[in-house]
Amino acid sequence: MSLAAVVFFWSLLAAGPAFSQFLSPPTGLTTYSHPAAYQVRFKEVPPGICEQRDDIKSISGYVDVSADEHMFFWFFEARNVDPTTAPLTTWINGGPGTSSMVGVFQEVGPCAIDADGNVVNNPYSWTNASNLLFIDQPVQTGFSYSTTTPGYINTQDGSVIVAQDGVCPSDQVTNGTCGTYSNPNDLDGVPVSTSAAASAFYATLQGFIRAFPEYAREGFHFATESYGGHYGPVFAEYIEAQNARKLAGTTSISLETVTVINGWMNPLIQYAAYYNFTVYPGNTYDYVPYNDSVAAALYSTVYGSGGCVDQLQNCLASQANAVCVAADNFCLNYVEDLYDMVTGRDEDDIRELEPDPYPPESYVSYLNSATVQAAIGAFVNYTEQSTAVAAAFNTTGDDGRLDGTTTDVLALVEQGVTHEFPISAATHELNKLTNDTGNWLGGEAVYDSIQVPGYSTPGYVDISTSDLIVHGQAKQSGVFTFARIYDSGHEVPYYQPLTALAIFERAINGYDIATGMSQIDREYVTVGPAQSTYREGNSTVKFALLESGVETIVNASTYDDVMQEKSAPARLLAELDDELTHIGLNATAHEAATHGDTGGLVDLVLELKEMEMVHITRRRRRRADASWYAKALEVVKSKVWRA
């Protein structure tokens, strides 16, 4: 059987720069000096670069937080509200190290880029209701930079390689990855944890608000996604703490709402939920990814002695970096990645095979065009994901820590009802949205674990929207909401834009999330069943992915084939076993692997990770996962590992 007939090599170039070039410093920037020594450099972006209307202003630039922290922002005025009286919403993506340009072009911004590279309008942009500020953070994420250097992209893991003597290798010139980047070796300003990243985010807000006070006269709203389950609560509580300090040169930020979409908030609960979603009670798409032996092995890996839960509890107790790094890496490798390796599916959207082509990545090439970079005042070429940031956070095991996330959520919700915030009855509204094609059971469990004193236990009710279709359910007590969104991948606003916009508008205006009809107060509670029981079934689960651009996966065509282990991943595992036997890999060690049929592949992938042949990032869409099989098989066939 030909490997090419089953799985392809997914180049990270698709998620990295294309048509890049060495950049000269942009011209036409205006400079504003902040009283706290921050410098803001910015320019007005011409209509058509993203926002299509010429009566709507767009501004981009940098807040120079320190000599090594130049934080990129892109601001868009509200469309349907007077921008000088509209609220201000800040959006950041997760990662850690994922650019918020994902939010601009794939989710809530005023535009998108089609397959032909054309700018198209997003009618469901959140600028319909609010001024919108996107920030690339931490430093070295997206267009943000520490110091600049000529370099190119490592096609194996997406990292930046500094060009020796400033000369780009000829093959990288051909690949189109040569350009100016943030120096990956200059890590002085790169934080190593969520809490350490909060100050630069806050400083960026302060710089923008002081430079553009006309856009910050009303309430402030904060929206984030994915690793934003860490960022959102911690950054929001940091804002509140700084407000209380009232330092000279700072502006009080009137925080009203925090929205977290598919947030990674409590690893102890959410890693364990990988078992809940895949085995018991299972997902609502009626898809069973594991056979009995793998399911049993997963249970042991999660809950057994020395397993994922034990190690995360040790991390929580000790707070030692080494303990937390080991715990998170164990859970990632043997719990989360097991799903990727066995199923060949997108873990954030169980319906889709890898590589999941949605949302499309065409915006990346657009942002690396010279015309666009000049228009927005970019100092570096664009990368969607910073491996330098991900690696920095991994030194503390931040992904496996709570870092105050759930306690900060509780504090924010309590502040919203006990403190006087006259702007909105829904002050500090905390909304948690999750897609149900990913592990929404974990998100629900996190919400349920946060018990707010004096709040009633809510039940689920349908979310109503203008199209009269039920796209999900919500349960809400006072200002604290959890919403399950049907038929959506990780980036909810891309898959369900109407519903996402409706929820956002209701939240920032102080209305209930489900209907938008009731003004929220402490006593508000939804009345309905304790569980959300709607089931989609497997009719939308894909078992063949044909012609995704220039790539093709030929997989098992029916659900029965998958259950009989005739799927592409199962066939690849069988081929791997054949190759392992052929080259004489220690069969005893292989058979003793504790993870059933996947043991050999798990071991190989771990070895490949050590060789930096696969990604080290955490909460992001996994564009390269499908190539793990190919890489593993290639290495085995080259006889790297022998008995």
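In the protein chain, residues 24 or more positions apart account for 74% of the contacts with a separation of 6 or more. Contact here means heavy atoms within 4.5 Å. The model is predicted: local features need pLDDT of at least 70, side-chain atom pairs count only at pLDDT 80 or more, and totals for chains, interfaces and linings use all residues. Residues are numbered from 1 along each chain as its sequence is written, and side-chain values use heavy atoms, with hydrogens and water left out.

Start with the overall make-up. The protein chain holds 20 helices and 21 strands. Both are DSSP runs numbered from the N terminus: helices are H or I with at least four residues, strands are E with at least two. Of the 643 residues, 62% count as buried. Buried means under 20% relative accessible area, exposed means over 50%, and partly exposed lies in between (1.4 Å probe, protein chains only).

The largest nonpolar core has 87 residues. Such a core is a set of buried Ala, Val, Leu, Ile, Met, Phe, Trp, Tyr and Cys residues joined through side-chain atoms within 4.5 Å. Phe 73 and Phe 235 have the most contacts inside this core. Helix α3, residues 194-211, gives the most to it, with 10 residues.

Aromatic rings come next. The structure holds 37 aromatic pairs. Rings of Phe, Tyr and Trp (its six-membered ring) pair if their centres lie within 6.5 Å; planes under 30 degrees apart count as stacked, over 60 as edge-to-face and the rest as tilted. Take Phe 75 and Phe 208. Their ring centres are 5.2 Å apart and their planes stand at 45 degrees, so the pair is tilted. Phe 75 sits in strand β4 (residues 69-76) and Phe 208 in helix α3, so this pair links distant parts of the chain, 133 residues apart. Both Phe 75 and Phe 208 are buried.

Trp 126 and Phe 504 form a stacked pair, 4.2 Å centre to centre with 5 degrees between the planes. This pair also links distant parts of the chain, 378 residues apart. Trp 126 is in the loop between β7 (119-121) and β8 (131-135), and Phe 504 is in helix α15 (residues 497-508). Trp 126 and Phe 504 are buried. One aromatic cluster includes Tyr 62, Phe 72, Trp 74, Phe 134, Tyr 363 and Tyr 382.

The structure holds 8 salt bridges. In each, a side-chain nitrogen of Lys or Arg is within 4 Å of a carboxyl oxygen of Asp or Glu. Asp 64 and Arg 41 meet in one of them, at 2.7 Å, N to O. Asp 64 lies in strand β3 (residues 58-66) and Arg 41 in strand β2 (residues 39-44), so the pair ties together parts that are 23 residues apart in sequence. Both Asp 64 and Arg 41 are buried.

Arg 79 and Glu 51 form another salt bridge, at 3.0 Å, N to O. Arg 79 lies in the loop between β4 and β5 (88-92) and Glu 51 in the loop between β2 and β3, so the pair ties together parts that are 28 residues apart in sequence. Arg 79 is buried, with a relative accessible area of 10%. Glu 51 is buried as well, at 4%.

Follow Arg 484 next. Its side chain meets that of Glu 536 in a salt bridge of 3.4 Å, N to O. Arg 484 is in strand β19 (residues 480-485), and Glu 536 is in the loop between α15 and β20 (545-548), 52 residues apart. Arg 484 counts as buried at 0% relative accessibility, and Glu 536 at 14%. Arg 484 also lies over the face of Trp 440, at 4.4 Å from the ring centre. For this, NZ of Lys or CZ of Arg must be within 6 Å of the ring centre and within 35 degrees of the ring normal. Trp 440 is one of the buried residues of helix α13. Helix α13 (residues 440-449) is mostly covered, with 7 of its 10 residues buried.

Finish at Glu 107, in helix α1 (residues 101-107). Glu 107 is buried, with a relative accessible area of 5%. Leaving aside neighbours within four places in sequence, its contacts include Trp 91, Asn 93, Glu 225 and Tyr 494. A polar contact of 3.2 Å joins the side chains of Glu 107 and Asn 93. A polar contact is a pair of N or O atoms within 3.5 Å; within protein, one must be able to donate a hydrogen and the other to accept it, and residues adjacent in sequence count only if both atoms are side-chain atoms.
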